[in-house]
Amino acid sequence: MSSFWSITLGTLTKDIRLEWRSKDALNAMLFFSLLVVVIFSFSFDPNAEESRQIAGGLVWVAFLFSAVVALNQTWARELRNQVLDAYRVSPAPANSLFIAKALGNFLLVSLLEALMAPLFTIFYNLRVLGPAWQLIPVAVLGTWALVVNGTFFAAVSLRTRSREIMLPLLLFPISIPAVQSMVEATRIILAGDGSARFWIVLLLTYDVVFTTACLGLFETVLQAE
Amino acid sequence: MNSIKFLYAAYIATWLIHAIYLGSLVRRYSRLRQQMKELAK
Amino acid sequence: MKRLFPILAVLTALLLAYALYQALVVAPTERTMGDVQRIFYYHVPSAWTAFLLFLVNLVASIVYLVWRNPKADALAVAAAEVGVVFCTVVLVTGPIWARPVWGIWWTWDVRLTTTLVLWLIYVSYLVLRRFSDSSQTPKLAAVLAIFGALDVPLVYFSIWFFRTQHPQPVIGGGGSIDPRMLRVLLINWLAFSCFAVLVCWWRYRLERLQREVEEAHALESLLAPGGPSARSAKAKVPLGRSPQ
């Protein structure tokens, strides 16, 4: 069991180190996120009352698109250097690779969110009228929901034509209950109107179900490449 | 009654959708048959 | 078995015609909605049939993942395609019914929205199968089918709760149904189910034949004079699709 986590940690730190050295993907994604926030501000007038009511939804849609940009490059490095073949023949459990990638994406997307959220707050003059601390479980569970399935479908899309469009095509329908939960919970917390408990519990359920599914089926997908 | 038009529209739309799909099956079959003929040569 | 098909096709056509007659003529006219309500006899059976077909796809996908039976995979594709066709019918007839009765085309109610998401999931399934070149596509598609199946209850539940907070008209309504109407509904369901089975069977045969032809093509390129077996060069034709 300890070797599982040591492999996972090793892969994760390697990815972080590589990414931190070049900061290529990170910078591109940061700029993309900024562009998304600005374009949304032009499309949905931040001063209009309606916009403030849908701000919760806008925020998560923006995060979703930025996450897809992050997810698309999940396996790019591995593909370039035939690392996946090495993983297939090594005795290392496939799941340690998956968890490492998912955690790496989680950190990356969380970083993007942490940088975009203040921008949204400023542009849309957001105020949190409900229990603000609840935004943390929503963000954590919601981000994990997107990232765990996103990392999985990124692997499924590897051997398809139009790989970059295949990922959102597979991810978005499956993510609908998670996105709805995130948006509703955020809207409720921002407006201070009711309890977001149901949505947080649903997000938790979604995360448990799909993390289990991903862990159970990743080996199959890895071997299928 | 105007709403009768909707009834006919729904029924026609149903069979139109099925017809389009069945048509695509027929086309795929004939293409397959051609390929089989070429193989038999 | 193959000779049975035309006979069954004719029988099914007759059954469908009978069901149509029942729906348009025999069934009593609904008190509040009028004749437009008869769309119900096409909308609901199509929905039940679509869900059944998607269930067949799920089972076939699991069978394929566990036993790698190519027949199971062919059935999975067939069921998915025909299921999407029936699901499309549901999504088209729903709004056509809603407009004259409730004045709106769409209502994001539980059943229609869940059907929409199911349709999206299975269209993405078919896109995956179309865009994936590898010989391992059946495995990947089967995995996607399982993910879709896990998702559907969550979708239903989340929309259901959302609707309790923001109620809106429900297309298709709840409540009890007149036994005469129920009878017509079941007749139409039987007719459409037979129709679905036949189309699915036809599609399955097409898939099996297609694979045989592909294998024959591959074999031919291997054995042709000047082909890879005549040279010692590496085979350019992928040897995939051998019986698994």
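Okay, one cut-off before we start: a residue counts as buried when its relative accessible area is under 20%. Keep that in your head for a minute. And remember as we go that this is a predicted model.

So, buried or exposed: which is C:Thr49? Its relative accessible area is 3%, so C:Thr49 is buried. You'll find C:Thr49 in helix 2 of chain C, the one running over residues 40-67. And what does C:Thr49 touch, once we skip residues up to four places away in sequence? The list is C:Phe86, C:Trp189, C:Phe192, C:Ser193 and C:Ala196.

Let's stay with helix 2 of chain C and look at a partner. Two packed helices are described by the angle between their axes and the distance between those axes. Here the partner is helix 5 of chain C, residues 137-165, and the two axes come within 9 Å and cross at roughly 135°. Because of that angle, helix 2 of chain C counts as oblique to helix 5 of chain C. The crossing of these two, helix 2 and helix 5 of chain C, is left-handed.

Now hop over to chain A for another pair. Helix 6 of chain A, residues 94-124, and helix 9 of chain A, residues 197-223, have axes that come within 9 Å and cross at roughly 110°. That angle is why helix 6 of chain A is called roughly perpendicular to helix 9 of chain A. This crossing of helix 6 and helix 9 in chain A is right-handed. Helix 6 of chain A brings A:Ala94, A:Asn95, A:Leu97, A:Phe98 and A:Ile99, while helix 9 of chain A brings A:Cys214, A:Leu215, A:Phe218, A:Glu219 and A:Leu222. The classes there are eight nonpolar, one polar and one charged.

Most residues other than glycine have a negative phi. A:Ser162 isn't a glycine, yet its phi is positive, about 50°. Where does A:Ser162 sit? In the loop between helix 7 (135-156) and helix 8 (163-191) of chain A. A:Ser162 is partly exposed, at 40% relative accessible area. Over in chain C, C:Arg68 also has a positive phi, near 55°. C:Arg68 is in the loop between helix 2 and helix 3 (70-102) of chain C, and at 27% relative accessibility C:Arg68 is partly exposed.

Right, how do the chains meet? Chain A and chain C bury about 2800 Å² between them, with 80% of it on carbon and sulfur atoms. That contact takes 32 residues from chain A and 30 from chain C. On the chain A side, A:Arg161, A:Phe198 and A:Ala224 supply 18% of the area chain A buries against chain C, more than any other three residues.

Then chain C with chain B: about 2900 Å² is buried between them, again 80% on carbon and sulfur atoms. Here chain C gives 35 residues and chain B gives 22. In chain C, the residues losing the most area to chain B are C:Tyr42, C:Trp202 and C:Leu206, together 20% of what that side buries.

Last stop, chain B itself. B:Ala19 is in helix 1 of chain B, residues 4-40, and B:Ala19 is partly exposed at 43% relative accessible area. B:Ser30 is eleven residues from B:Ala19 along the chain, and their C-alpha atoms are separated by 16 Å.

Technical notes:
Residues are numbered from 1 along each chain as its sequence is written. Chains are lettered from A and ligands numbered from 1 in the order in which they are written. This is a predicted model: local features need pLDDT of at least 70, side-chain atom pairs count only at pLDDT 80 or more; totals for chains, interfaces and linings use all residues. Side-chain values use heavy atoms; hydrogens and water are left out. Helices (H or I, at least four residues) and strands (E, at least two) are DSSP runs, numbered from the N terminus. Buried means under 20% relative accessible area, exposed over 50%, partly exposed in between (1.4 Å probe, protein chains only). Contact means heavy atoms within 4.5 Å. Axes are lines fitted to C-alpha atoms, for helices over the stretch in contact, and angles run from 0 to 180 degrees between N-to-C directions. Angles under 35 degrees count as roughly parallel, over 145 as roughly antiparallel, 65 to 115 as roughly perpendicular and the rest as oblique. A crossing is left-handed if the near helix is turned anticlockwise from the far one by less than a right angle, and right-handed if clockwise. Buried area is the accessible area (1.4 Å probe) that two parts lose on being put together, summed over both. Ala, Val, Leu, Ile, Met, Phe, Trp, Tyr, Cys and Pro count as nonpolar, Asp, Glu, Lys and Arg as charged, and the others, Gly among them, as polar.
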